[in-house]
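Thank you all for making the time this morning. I would like to walk through one model with you, beginning with the sheet and ending with a few individual residues.

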Amino acid sequence: MRKIVITGATGFLAVPLIKLLAEENAKIYAVVRPNSLNLERLDGIAEIELIELALSELNKLPDFIEGPIDVFYHFGW
């Protein structure tokens, strides 16, 4: 199973990508800003693990993800 990190996970580009990757049984770590108002866009996607972090705190990702990842999509801005 591929491990994938996606920042900006509730955004216009990220949501369709997450749905596609979920169909391929990837383990998805969805990085969203704390208190994101758009979390409902990710409802019903079982293969994701939400990580609430500000982009300025991406250095803390290893605290939430064990081992190496295969792909990192950076859609946050």
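Let me begin with a convention: a crossover is called right-handed if, with the strands pointing away from the viewer, the path from the first strand over the helix to the second runs clockwise. Helices (H or I, at least four residues) and strands (E, at least two) are DSSP runs, numbered from the N terminus. What you are looking at is a predicted model, in which local features need pLDDT of at least 70 and side-chain atom pairs count only at pLDDT 80 or more, while totals for chains, interfaces and linings use all residues. Residues are numbered from 1 along each chain as its sequence is written, and side-chain values use heavy atoms, with hydrogens and water left out.

With that in place, β1, α1 and β2 make a right-handed β-α-β unit. The sheet itself is open and has four strands in the order β3-β2-β1-β4, with parallel pairing, where two strands pair if DSSP finds at least two bridges between them. The edge strands are β3 and β4, each of which pairs on one side only, and the twist averages 20 degrees from one strand to the next.

Taking the pairs in turn, β1 and β2 run parallel and are joined by five bridges, with Val-5 standing opposite Tyr-29 in β2. β2 and β3 also pair in the parallel sense, over five bridges, and there Ala-30 stands opposite Leu-50. Four bridges join β1 to β4, again parallel. Across the sheet lies α1, over β1, β2, β3 and β4, running at about 170 degrees to β1; here axes are lines fitted to C-alpha atoms, for helices over the stretch in contact, and angles run from 0 to 180 degrees between N-to-C directions.

How covered is strand β1? Five of its five residues, 3-7, are buried, a word that means under 20% relative accessible area, with exposed meaning over 50% and partly exposed in between (1.4 Å probe, protein chains only). In a regular strand the side chains alternate between the two faces of the sheet. In β1, Lys-3, Val-5 and Thr-7 are buried on one side, and Ile-4 and Ile-6 are buried on the other.

Turning to the loops, Ile-65 lies between β3 (48-52) and β4 (71-74), and it counts as buried because its relative accessibility is 9%. Leaving aside residues up to four places away in sequence, Ile-65 touches Lys-3, Val-5, Tyr-29 and Ile-51, contact meaning heavy atoms within 4.5 Å.

Finally, Asn-25, in the loop between α1 (14-23) and β2 (27-32), has a positive phi of about 60 degrees although it is not a glycine, and is partly exposed at 46%. Asn-35, in the loop between β2 and β3, likewise has a positive phi of about 60 degrees without being a glycine, and is exposed at 68%.
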